[in-house]
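Q: Could you walk me through this one before I look at it in detail? I'd like to go over the fold, the core and the charged pairs.

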Amino acid sequence: MSSPRERGKNLMESSGSEPPVTPSRYESQKRRDWNTFGQYLKNQRPPVPMSHCSCNHVLDFLRYLDQFGKTKVHVPGCMFYGQPEPPAPCTCPLRQAWGSLDALIGRLRAAYEENGGSPETNPFASGAIRVYLREVRECQAKARGIPYKKKKKKKPTTEMGGGRDDSSSSSSSFSFS
């Protein structure tokens with residue numbers, strides 16, 4: 001079984017004599033996302049060539065996408081702020097869900113490099129993008145009353161005497177809440 005990246009390359013390399021390989025769902029979505037972002041840059045005044053794209057353009061694109069979001073994000077003044085399942089509708093805005101934005105950035109990051117961009121100049125891999133996504137995740141978690149806490153794995157403890165690991169005394173605990 002080939003990876004999504006290999007299937008995408010096979011699609012590009014197939015000659016006229018071979019039947020074309022159908023791209024995976026991931027490859028199709030990645031191409032759509034890449035084309036959408038490219039169109040967004042072309043629609044800027046003045047248009048922005050991909051070679052001049054920065055993380056600020058990416059951040060503006062993510063904010064632009066919020067208008068098409070379907071996730072209700074309660075504002076701090078809303079009486080349903082912090083409630084995972086509010087009992088009634090409210091006027092709070094709809095936004096793009098954090099998970100959707102995170103997946104989108106992952107696809108665009110890969111597409112950038114597959115289209116000739118250097119990993120060192122990849123605007124989708126910028127620290128500013130990671131910070132923005134983390135802030136969106138935390139804001140949405142608070143607004144919906146869902147804690148997003150990074151789960152840390154406990155390191156096995158070693159006994160001082162022999163330096164061996166006594167697996168009966170060390171345990172890894174995982175929380176499924």
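The chat below goes through the fold, the cysteines, the core and the salt bridges in turn.

Q: First off, what kind of model is this?
A: This is a predicted model, and the values discussed here are computed from it.

Q: OK, what secondary structure does the protein have?
A: The protein has five helices and two strands, and their order along the sequence is α-α-α-β-β-α-α.

Q: How much of the protein is buried?
A: Of its 177 residues, 28% count as buried, while the protein exposes about 12,600 Å², with carbon and sulfur atoms supplying 53% of that area.

Q: And what share of the contacts comes from residues 24 or more positions apart?
A: Taking the contacts in the protein with a separation of 6 or more, residues 24 or more positions apart account for 52% of them.

Q: Switching to cysteines: how many disulfides turn up?
A: A search of the whole structure finds zero disulfides.

Q: Is Cys 92 buried or exposed?
A: Cys 92 is buried, because its relative accessible area is 9%, and the cut-off for that label is under 20%.

Q: Now the core. Which residues touch the most other members of the largest nonpolar core?
A: That core has 22 residues, and those touching the most other members are Phe 37, Val 58, Phe 61, Leu 62, Ile 105, Leu 108 and Phe 124. Helix H2 (25-42), helix H3 (55-65), helix H4 (98-114) and helix H5 (127-144) each supply at least two residues of this core, and H4 gives the most, with six.

Q: What is Val 58 in contact with?
A: Once neighbours within four places in sequence are set aside, Val 58 is in contact with Phe 37, Cys 53, Ile 105, Pro 123, Phe 124 and Ile 129.

Q: Let's do charges. How many salt bridges are there?
A: The count comes to four salt bridges.

Q: Which one links distant parts of the chain?
A: Arg 107 forms a salt bridge with Asp 33, with the closest N and O atoms 2.4 Å apart. The pair links distant parts of the chain, since Arg 107 lies in helix H4 and Asp 33 in helix H2, 74 residues apart. Both Arg 107 and Asp 33 are buried.

Q: What about Lys 30 and Glu 27?
A: Their side chains meet in a salt bridge with an N to O distance of 3.2 Å. Lys 30 and Glu 27 both lie in helix H2, three residues apart, which is about one turn of the helix, and both are buried. Together with Glu 114, these two residues are linked in a network of salt bridges.

Q: And where do Asp 60 and Arg 63 lie?
A: Both are in helix H3, three residues apart, about one turn of the helix, and their side chains meet in a salt bridge at 3.4 Å, N to O.

Q: How exposed are Asp 60 and Arg 63?
A: Asp 60 is partly exposed, because its relative accessible area is 38%, and Arg 63 is also partly exposed, with a relative accessible area of 44%.

Terms used
Residues are numbered from 1 along each chain as its sequence is written. This is a predicted model: local features need pLDDT of at least 70, side-chain atom pairs count only at pLDDT 80 or more; totals for chains, interfaces and linings use all residues. Side-chain values use heavy atoms; hydrogens and water are left out. Helices (H or I, at least four residues) and strands (E, at least two) are DSSP runs, numbered from the N terminus. Buried means under 20% relative accessible area, exposed over 50%, partly exposed in between (1.4 Å probe, protein chains only). Contact means heavy atoms within 4.5 Å. Accessible areas come from the Shrake-Rupley method with a 1.4 Å probe; for residues, only the protein chains shown count as cover. A disulfide is a pair of cysteine sulfur atoms within 2.5 Å. A nonpolar core is a set of buried Ala, Val, Leu, Ile, Met, Phe, Trp, Tyr and Cys residues joined through side-chain atoms within 4.5 Å.
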